[in-house]
Amino acid sequence: MYDLIIIGMGISGISAAIYAKNSGLNVLLLEKDTPGGLLNKINKINNYPGYSEVAGPDLSLALFESVNTLGIPYKIAEVESIEVKEDKKIVKTTLDTFESDFVIIASGRKNRKLGLSNEEKLLGRGISTCALCDGALYKDKEVAVVGGGNSALEEALYLSNIVKKVYLIHRRDTFRADASLVEQVKMQKNVEILYDSEITAVVEEDNKLKEILVNKEKHLEVSALFTYIGFEPNHDFLRTLEITDKFGYIKVDKNYETKIKGIFAVGDCIKKDIYQLITAANDGAVAALNVRKQKNVKKKG
């Protein structure tokens, strides 16, 4: 039995765990994949206090070291469901079932898919959502990146130093990424930008990506396609709780509590205006402190 279970070991979840542990709460962290979450897929970060520049995996490691230094227990297990029984929260995972008074959901977001019929089949076979993870596999080859935000342009820049050529495909005529980043991309001689373009098919051969079809007419023979077309909340285990909006984002109040007493949510899985590392860390800290307040009230009661 725990005071608090935190689902997700990204920056918001670990921030919550640190504040909870330092507040004297008995806390458990749950993570289904790699601690750090999407941080592990980011090449460079230059807007986080304390670092002029840091690689995403290095920041993930620093966060994980904080967990170990403080002795915060964690389990690598996927959450299957959350059930509420009176004041108790029952968290069922692929490993075991755990109970707590409070839950903080910090499950983050996952990459949105293009929606093509064979896209899922070709993940890891030419289609990737992580240039940092897979870029080296395509050294001196031609690849494509789809997207128009900071993530897409950052990864196009990263790949331009590895591959022969990068096709940067964007469905609009202007990018929504930072202006300085757009200028950097435009200066790369081996990056070709395709505006007003959409990928309408991915063609496979021998169970691998062979080429992509753009706007139903332009064939591009590429060895890899890296997709960065946005994100969607990552919490299939919430199906029965009815605490999300129509887009799947969790709705919370100013204390980061959902409409279900004792269940909080933080970071990129909640509905908010700004999605940044620094705001995710803030969310986790505030939610943990509000859990502590409610715990103290229950003790007095």
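Colleague: Which backbone oxygen lies 3.0 Å from a polar atom of the side chain of lysine 89?
Modeller: Bear in mind that this is a predicted model. Lysine 89 sits in strand S5, residues 88–93. At 3.0 Å from a polar atom of its side chain lies the backbone oxygen of aspartate 87.

Colleague: Good to know! How far away is the nearest side chain of opposite charge to lysine 89?
Modeller: Lysine 89 is buried yet has no salt bridge. A salt bridge needs a side-chain nitrogen within 4 Å of a carboxyl oxygen. The nearest side chain of opposite charge, that of aspartate 87, is at 5.8 Å.

Colleague: Is glutamate 86 buried or exposed?
Modeller: Glutamate 86 belongs to the loop between strand S4 (79–85) and S5. Its phi is near 55 degrees, a positive value in a residue other than glycine. Most residues other than glycine have a negative phi. Because its relative accessible area is 78%, glutamate 86 is exposed.

Colleague: And what is the phi of aspartate 140?
Modeller: Aspartate 140 is in the loop between helix H3 (131–134) and strand S9 (142–146). Although aspartate 140 is not a glycine, its phi is positive, at about 65 degrees.

Colleague: Last one, what is the volume of the second largest pocket?
Modeller: Its lining has 13 residues, with Leu114, Val146, Arg171, Glu198 and Ile229 nearest the centre. The lining divides into six nonpolar, four polar and three charged residues. The volume of the second largest pocket is about 270 Å³.

How values were computed
Residues are numbered from 1 along each chain as its sequence is written. This is a predicted model: local features need pLDDT of at least 70, side-chain atom pairs count only at pLDDT 80 or more; totals for chains, interfaces and linings use all residues. Side-chain values use heavy atoms; hydrogens and water are left out. On a 1 Å grid over the protein atoms alone, a cavity is a set of points where a 1.4 Å probe fits but cannot get out, and a pocket is an open set with protein on both sides within 12 Å along at least five of seven lines; lining residues have an atom within 4 Å of a point. Grid points are joined across faces, edges and corners, and a volume is the space filled by probe spheres set on the points. Ala, Val, Leu, Ile, Met, Phe, Trp, Tyr, Cys and Pro count as nonpolar, Asp, Glu, Lys and Arg as charged, and the others, Gly among them, as polar. Helices (H or I, at least four residues) and strands (E, at least two) are DSSP runs, numbered from the N terminus. Buried means under 20% relative accessible area, exposed over 50%, partly exposed in between (1.4 Å probe, protein chains only). Lys and Arg count as positive and Asp and Glu as negative; His and the chain ends are not counted. A polar contact is a pair of N or O atoms within 3.5 Å; within protein, one must be able to donate a hydrogen and the other to accept it, and residues adjacent in sequence count only if both atoms are side-chain atoms.
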